[in-house]
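The entries follow the order in which I worked.

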Amino acid sequence: MNIHFRRRISNQKYSTVLRSFIADIQSSKTAQIVGVNRKTTDRYFNYFRKLVQLSALKERLSVHLDNGIEADESYFGPRRVRGKRGRGARGKIIVFGLLKRNGKVYCEIIKNTEKQVLMPIIRRVVQSGSDIYSDGWRSYNALAIYGYNHKKVKHSEDEFARPDGTHINGVESYWSWTKRRLNKFNGISKRLFSEYLLESEWRFNHRETIEVDLKKLIRKL
């Protein structure tokens with residue numbers, strides 16, 4: 001990572017590039033706004049993106065969520081193949097997410113949605129005894145065994161929210177936001193998907209202070 005990129009353009013142009021990245025404007029559009037070559041904005045964006053990804057990885061080492069956690073999985077990739085729907089849809093990347101209501105999200109790419117895969121992640125990230133909300137997928141039935149207060153909605157029966165606050169609307173909204181964001185890049189290879197997913201997680205977790213936090217990362221170098 002070259003920390004001298006800024007010297008190649010004026011301070012004013014650098015500030016515009018940085019603000020564009022913070023606003024999640026695409027590199028090609030930023031190049032038009034600033035009046036520089038696309039390769040220049042790509043270079044800066046890749047620099048900022050690496051800082052964000054490194055920060056997100058460090059934060060994951062100490063992630064700890066407690067109480068009011070929504071759990072869900074989502075599928076990323078090509079459009080669904082006819083006849084292949086729901087969990088296990090062919091050709092999709094499966095991502096498991098844990099979202100603290102009004103707080104942070106933690107995501108991890110998984111190989112399948114069986115309890116042998118989901119439970120170790122939950123036990124590592126979520127404090128025992130916490131309330132966990134999910135849909136009716138069978139793998140989540142093991143939550144009670146590990147000391148969690150499991151509350152679920154049955155999407156298969158067209159149930160999406162209960163009067164007592166049982167729902168997973170928060171994490172589902174996160175999936176929708178992430179997919180809309182990634183669609184802007186017109187296709188992301190499987191090789192790079194984990195990096196862009198990590199950036200989405202960081203952006204969401206720092207949504208209230210993203211400009212301040214990114215500038216702090218830059219100043220540390």
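The entries below cover ground rules, aromatic rings, salt bridges and a charged patch.

**Entry 1: ground rules**

I noted that this is a predicted model, in which local features need pLDDT of at least 70 and side-chain atom pairs count only at pLDDT 80 or more, while totals for chains, interfaces and linings use all residues. Residues are numbered from 1 along each chain as its sequence is written, and side-chain values use heavy atoms, with hydrogens and water left out.

**Entry 2: aromatic rings**

I searched the whole structure for aromatic pairs and recorded 13. Rings of Phe, Tyr and Trp (its six-membered ring) pair if their centres lie within 6.5 Å; planes under 30 degrees apart count as stacked, over 60 as edge-to-face and the rest as tilted.

I looked up Phe-21 and Phe-45: their ring centres are 5.3 Å apart and their planes stand at 80°, so this pair is edge-to-face. The pair links distant parts of the chain, since Phe-21 is in helix H1 (residues 11-22) and Phe-45 is in helix H3, 24 residues apart. Helices here are DSSP runs (H or I, at least four residues), numbered from the N terminus.

I then checked burial, where buried means under 20% relative accessible area, exposed over 50%, and partly exposed in between (1.4 Å probe, protein chains only). Phe-21 is buried at 2%, and Phe-45 is buried at 3%.

Next I took Tyr-44 and Phe-48, whose ring centres are 6.4 Å apart with planes at 40°, so the pair is tilted. Both residues lie in helix H3, four residues apart, about one turn of the helix. Both Tyr-44 and Phe-48 are buried. I also noted that ring pairs link Tyr-14, Phe-21, Tyr-44, Phe-45, Tyr-47 and Phe-48 into a cluster.

**Entry 3: salt bridges**

I counted a salt bridge where a side-chain nitrogen of Lys or Arg is within 4 Å of a carboxyl oxygen of Asp or Glu. The structure holds 14 of them.

I looked up Arg-181 and found a salt bridge with Asp-24, the closest N and O atoms being 2.6 Å apart. Arg-181 lies in helix H5 (residues 169-183) and Asp-24 in the loop between H1 and helix H2 (27-34), so the pair ties together parts 157 residues apart in sequence. Arg-181 is buried at 2% relative accessible area, and Asp-24 is buried at 13%.

I next recorded the salt bridge of Lys-50 with Glu-195, with the closest N and O atoms 3.7 Å apart. Lys-50 lies in helix H3 and Glu-195 in helix H6 (residues 190-205), so this pair ties together parts 145 residues apart in sequence. Lys-50 is partly exposed at 36%, and Glu-195 is partly exposed at 26%.

Which residue of helix H6 does Arg-181 in helix H5 link to? I found Glu-199, 18 residues apart from Arg-181. Their salt bridge has its closest N and O atoms 2.6 Å apart. Glu-199 is buried, at 0% relative accessibility. Salt bridges that share partners join Asp-24, Arg-49, Arg-181, Lys-184, Glu-199 and Arg-203 into one network.

**Entry 4: a charged patch**

I ended at the surface, where Lys-58, Lys-216, Arg-219 and Lys-220 gather in a patch of positive charge. Patch residues have over 30% relative accessible area and no salt bridge, and like charges are joined within 9 Å. Lys-58 is found in helix H3 (residues 38-61) and counts as exposed at 61% relative accessibility.

Definitions and conventions: Patch = residues over 30% accessible without salt bridge, like charges linked within 9 Å, V, L, I, M, F, W, Y side chains within 5 Å. Areas by Shrake-Rupley, 256 points an atom, 1.4 Å probe, with all protein chains shown as cover. Lys, Arg positive; Asp, Glu negative; His and termini not counted. Charge placed at Lys NZ, Arg CZ, Asp CG, Glu CD. Helix = DSSP H or I, 4+ residues; strand = E, 2+ residues; numbered from the N terminus.
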